[in-house]
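Have the viewer open and follow along.

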Amino acid sequence: MMRVDLVTLLAGATFFAFLWALAALHKALNWSMYRDQLRDYRVLPEAAVFWFALLLPIVEAALAFSWLFDDSRGWAVMATAVLLLAYAAAMAYNLMHGRDSIDCGCGGAGQAIRWGLVTRNLVLAVAAISLGLLEPVALRPLLWMDYVTIAAAALAIYAFYIICNQLLANNPPQRWVR
Amino acid sequence: MNEITLSVSNVLLWCVVLVLLAMVIALARQVGVLFERVAPMGALVTDSGPALGASAPAFELTTLEAKPISIPGAAGLGTLLFFLSPTCPVCKKLLPVLKSVQQSERSWLRVVLASDGNMPEHLAFWQSAGLTSFPYVLSAELGMTYRVSRLPYAVLIDEQGKVRAKGLINSREQLESLFVAKDLGVTSVQEYLAQPHSHAHSHAHSHAE
């Protein structure tokens with residue numbers, strides 16, 4: 001098992017907390033649109049769409065919190081990997097059936113599902129599991145500077161994530177007329 | 001070097017990194033917006049004049065070289081009618097594009113330049129602008145039939161003598177949109193983008209935002 005400094009670990013965990021918090025937020029803010037996007041995936045029976053649309057943002061919000069605390073982080077790692085892989089599978093299922101024009105439901109301006117997004121989810125799942133496998137070298141008391149590093153590094157990773165998404169969305173096929 | 005020095009430099013560096021990342025995000029967004037803006041936009045189609053899909057009105061005209069020319073041409077020969085005038089700057093900008101179209105599409109298409117007015121002026125323009133490879137006709141009646149009100153204006157007539165696309169042309173892309181419209185079997189690129197075709201976003205609600 002690899003050992004890293006506590007700050008590295010916490011920066012990664014905070015990134016995942018950001019990731020899920022913002023995912024839950026955009027789903028909650030545009031809930032009816034999110035429900036329609038979920039229905040478009042056609043992976044759930046019609047009756048279940050409503051309940052999953054209701055449940056998933058709550059699960060994501062809970063995951064965001066779980067990443068922040070030492071006691072729940074182990075659970076968060078597994079759940080994050082499972083959820084990301086489930087999303088990837090849903091996208092792959094639709095792509096393999098030629099339905100490449102549905103919205104991914106990733107928030108923002110929206111973009112059509114594509115293999116790049118499946119890869120993105122796989123990379124994130126691997127990153128989450130790797131974080132779970134890391135162990136802190138030593139439990140040392142954190143200084144204020146450590147918190148700055150953790151917050152800034154998590155923000156920076158999230159920024160890279162946004163940039164990757166945007167560059168993917170810029171590729172054809174772009175969304176047709178809004 | 002003490003602890004404060006290190007902390008200050010570290011915080012400053014983080015600020016720089018985050019600001020730069022925000023800028024990269026903004027740039028990536030702008031690239032996306034730019035892509036959307038340059039999505040195929042067709043020539044401005046007007047509803048007046050011969051309808052799209054209808055047979056092009058027959059004309060027997062004489063070119064500047066005093067050769068007879070019929071519009072539409074013989075079966076199997078398409079015609080791009082390009083209405084221009086020696087005094088229109090956008091028309092001149094498009095002349096190189098017309099030359100390349102004439103070259104690349106010559107197997108099925110002839111490009112005919114059309115205008116009206118007095119002969120000497122057009123003859124001078126025809127020679128000085130290097131247009132001698134194009135048939136050039138002067139006919140006020142032709143322009144009136146196609147209701148050409150602004151220049152440059154182009155009409156694409158297919159091999160069967162039917163009007164397939166037309167519109168006000170301001171750029172290479174808009175000229176190409178006429179050929180795209182013909183190839184896709186739609187009357188204009190605007191119509192193509194508006195109709196629910198196979199690749200279009202299948203649900204309207206996500207656009208509702």
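## Ground rules

This is a predicted model, in which local features need pLDDT of at least 70 and side-chain atom pairs count only at pLDDT 80 or more, while totals for chains, interfaces and linings use all residues. Residues are numbered from 1 along each chain as its sequence is written, chains are lettered from A and ligands numbered from 1 in the order in which they are written, and side-chain values use heavy atoms, with hydrogens and water left out.

## Aromatic pairs

Searching the whole structure turns up 11 aromatic pairs over all chains. (Rings of Phe, Tyr and Trp, the last by its six-membered ring, pair if their centres lie within 6.5 Å; planes under 30 degrees apart are stacked, over 60 edge-to-face, and the rest tilted.) One of them is A:Phe15 with A:Tyr158, a tilted pair at 6.3 Å centre to centre with 50° between the planes. A:Phe15 sits in helix 1 (residues 6-29) of chain A and A:Tyr158 in helix 6 (residues 144-170) of chain A, so the pair ties together parts 143 residues apart in sequence. (Helices are DSSP runs of H or I, at least four residues; strands are runs of E, at least two; both are numbered from the N terminus.)

B:Phe83 belongs to strand 3 (residues 78-83) of chain B, and B:Tyr146 to the loop between helix 4 (140-145) and strand 6 (153-157) of chain B, 63 residues apart. B:Phe83 and B:Tyr146 are buried.

## A serine in chain B

B:Ser115 is part of strand 4 (residues 109-115) of chain B and is buried, at 8% relative accessible area. Leaving aside neighbours within four places in sequence, B:Ser115 has contacts (heavy atoms within 4.5 Å) including B:Leu84, B:His122 and B:Tyr136. The B:Ser115 side chain reaches the backbone oxygen of B:Leu84 at 2.7 Å.

B:Leu20, in helix 1 (residues 3-37) of chain B, counts as partly exposed because its relative accessibility is 49%.

Conventions:
Buried < 20%, exposed > 50% of the residue type's maximum accessible area, 1.4 Å probe, protein only. Polar contact = N/O pair within 3.5 Å; in protein donor to acceptor, adjacent residues only side chain to side chain.
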